[in-house]
Amino acid sequence: MKHRIVLLLLVICCSLQLNAQERRIQENGKTYLIHVVQKGETIFSLSKAYELNKKELLNANPDLIFGLKTGQELRIPVEETAQEEPILEPQKEELPKFHTYRVKRRDGLHFIAKRYHVEVEDILKYNPGLNEERLKRGMELAIPDADDLKRIREEQKQRQAQAKAQKEKKSTPVIKTHRVSGEETLYSIAKKYDRSIAALLEANPEAKNGLPIGMELIIPEEKVQVKAEDVKDRGFFIHLVETGETFWALEREYHVARDVLEKYNPALVNGLQAGLRIRIPVSEELPDIEVEPVNDDAFVKHQVKKGETLYSISNHYQIKISDLKKSNPVLAYRGLMAGEFILVPKAIQSQESVMARQPEAKVVEDERSLEREEELEPVERIRPLRHAIQVVHRELPEVCKPDYTAAYEKYDVALLLPLYLKENETVNQIPVTREEMLQDSLWMSQFEDASQLPEDTFKIREDVIVYPRSENFIQFYEGVLLAVDSLKKAGMKIELHVFDTNQEYAVVDSLVRLDLFNKLDLIIGPVFPNLQKPVADFAHQNRIPMVSPLSSAGNFESSNPWYFKVNPTKDYLVRQTADYIGEEYFNKNLIVLEMGEYKHLDEATLVNLCREKFFSTGFLEGDREVRFHEYNFKREGYWGLRRILSKTRENVFIIPSETEAQVSVAVSNINSLSEDFPVTLVGLSNFQRYKSIQPDYFHHANLHLLSPYFIDYYAPLTNRFIQDFRENFSGEPTQFSFQGYDVAYYFMSALFQYGKDFKDCLPYHHVDLTQGEFYFDQVNRYGGYMNRGLFVVNYLENYEIDIDGVVGTPNVLVTEN
């Protein structure tokens, strides 16, 4: 019986292979792979998966102009590759000498590697299956001897160089040609053959004048692929892998595919391990920004030496890493490369003294800041809330250029909110009994005698109120109405359909069955994740953008490419906060103030990431003032805390707790310490909601936190919004009012400008908002989108709350050529 099952499986496998071979077809001398569209796939995701641009897909599949459908068969153009030479059996690797190391408490691979002068990947290589999360006290590791390892590698390099020379001597170049077809560009041809545009033009100088159909291009010989060690430093930069980092995050940030990363970093075959320093090749898709100082005296030109980091340069010149990045905007997209020159500002100054270009980019100040300075009297001016930023000019893609015929289209938008309309109808009704009516002459005057009085009735209260649970959502709705009004004045035809979900799953489930929902162009809500599934499934199936406007909970964005989450997750806030601490306070005295058990909380990730960042910089060993303390306040008390603080170096506190009582006690003690020590508290955005903490304590503690919201009351747009709200609704707007306006205006204007399939154009969609800085990015290759824009909010000593920067958003200014 077992033999029959095995035979059956073999037959099935063979048939699948035959089917797979049959899905490759030849048409007009070209080879295509047939792809069957799966649910949730988009043109963008397919172009990324097959490394094609949209035009290549459209040329091969003209029907795509009518949209993508599940089950549709697409032709994917592929390049036939010559048969590869047989792979020779590799020479047996020589093993180095080893040291035995017994793991101690709180050891990490990075620290062990540093002690023995080897790399983390060396330890992983000779300890198969080792994962840092499973590193346990008492575990024995085989640590390769550094000197012996160096000798073996030098000998291996010599053998590789000899083999490479022999291979180049035997090889003969093969000249390839390509005949230009309709709508092909130098970029598409260069991408097809994996060549640079410069190499194509060098081999075909006449191509500078254009690419007529039928023109034959010489495809230059492909450069021999070499290992990362053999590539000049200017082609790579170093990235330190952190706990929880994913290949998708690296691909999204650096525009380098996983297979390329594995090619240059063999240790990645076993996955991403925290502590690994990997080489990242500079992608052509990263902006190439040249920086020229307008005022040479304001900067030092520093040539990066091998092994230098942003930490070491920042510490040497005693400036913040954020200031280095502002003066050298390319560092927002990649790491340092040995040999390059960077500008180091001598002092904090206006960023107008730097000009960045690509090739025409320049420094501009936020328009809101400029408008504000024009409106306010000189004595009322404050420093701009948003720093002058370095901007890179990028040409707007053809598909994202405004469609002016959109003014003639009508857009249907659904807004799903828990307005509790029935409860609002009854909340102002005051019950009146028969006995009360008998005693009230006003009631008695309405009837001939007492027998006609009803058993009970009600009257309307004089001071009419709103049902408490619906108040915030009514405020949100009013903000949406102002956004709709603004867009209608701009020429957009919007039909807003408002539905009361009443926080009931059955109500939401019945709404998506209405015929109206089939013609929707945008859905905002429901606000509660436990009600979103029917709408999310409907939006996914019918390719309708759906916005989750308020909650950061739920996980629909992980698998739904039409889902947009406005409030970022706590995990994202924690990781961005750790990045901020690592960059701003890497050479300070950091204190993790433990107020209770926190290992099960998201805040534990904050502590772990900060620990990794502090220990990886090298300053803990070289500077006595730099320390990383994990202090148990409950056990050690207030006076023990004073003994570990510095009088001369900034003392930076993080509180890994989500309990208001614990945070309140911690902040109260930090407030007391601020009288004798320089202190800074870095918190999370939920700190602002704790009512038991006196606001002046936050100012004394120099609180910094990352938040997706900040209302700039000096901004003209904010003041216009407040004025409009007062005129229309006779009241003051709340944070929900601002959020309703921002969400509606952002997504409806995207709909108006780019159409329903606006996802790929959101990186180029920037509009002024009242309290947010939206930047939506895809959470994974086939998932939805989440807002990554965060403000660095600072509680100042003068009791003002200000912005100390914006993180999570690209410094890009789009130009339409």
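A residue counts as buried when its relative accessible area is under 20%, as exposed when that area is over 50%, and as partly exposed in between, using a 1.4 Å probe and protein chains only. The structure described here is a predicted model, in which local features need pLDDT of at least 70, side-chain atom pairs count only at pLDDT 80 or more, and totals for chains, interfaces and linings use all residues. Residues are numbered from 1 along each chain as its sequence is written, and side-chain values use heavy atoms, with hydrogens and water left out.

We can start with the whole protein. Of its 817 residues, 45% count as buried. A contact means heavy atoms within 4.5 Å. Among contacts with a separation of 6 or more, 69% are between residues 24 or more positions apart.

Strands β1 (residues 24-27) and β2 (residues 30-36) run antiparallel and are joined by four bridges; two strands pair if DSSP finds at least two bridges between them. Within this pairing, R24 has L33 of β2 as its bridge partner. Two residues lie between the strands of the hairpin, and N28 in the turn has a positive phi of about 55 degrees. In a regular strand, the side chains alternate between the two faces of the sheet.

Setting aside residues up to four places away in sequence, S470 touches P418, L419, Y420 and N424. T659 belongs to the loop between β26 (651-654) and α24 (660-673), and is partly exposed, with a relative accessible area of 37%. Its C-alpha atom is separated by 9.4 Å from that of M595, 64 residues apart along the chain. K588 lies in the loop between α20 (570-584) and β24 (589-594). Apart from neighbours within four places in sequence, K588 is in contact with F614, E625, V626, R627, R649, E650 and V652.

Helix α20 also packs against another helix. The axes of α20 and α21 (residues 603-617) come within 9 Å and cross at roughly 25 degrees; axes are lines fitted to C-alpha atoms, for helices over the stretch in contact, and angles run from 0 to 180 degrees between N-to-C directions. The two helices are therefore roughly parallel, since angles under 35 degrees count as roughly parallel, over 145 as roughly antiparallel, 65 to 115 as roughly perpendicular and the rest as oblique. The residues of this contact divide into seven nonpolar, three polar and five charged. Here Ala, Val, Leu, Ile, Met, Phe, Trp, Tyr, Cys and Pro count as nonpolar, Asp, Glu, Lys and Arg as charged, and the others, Gly among them, as polar.

The axes of α26 (residues 716-729) and α27 (residues 735-754) come within 12 Å and cross at roughly 110 degrees, so α26 is roughly perpendicular to α27. Their contact has six nonpolar, two polar and no charged residues. On the α26 side, L717, T718, F721, I722 and F725 meet S737, F738 and Y741 of α27.
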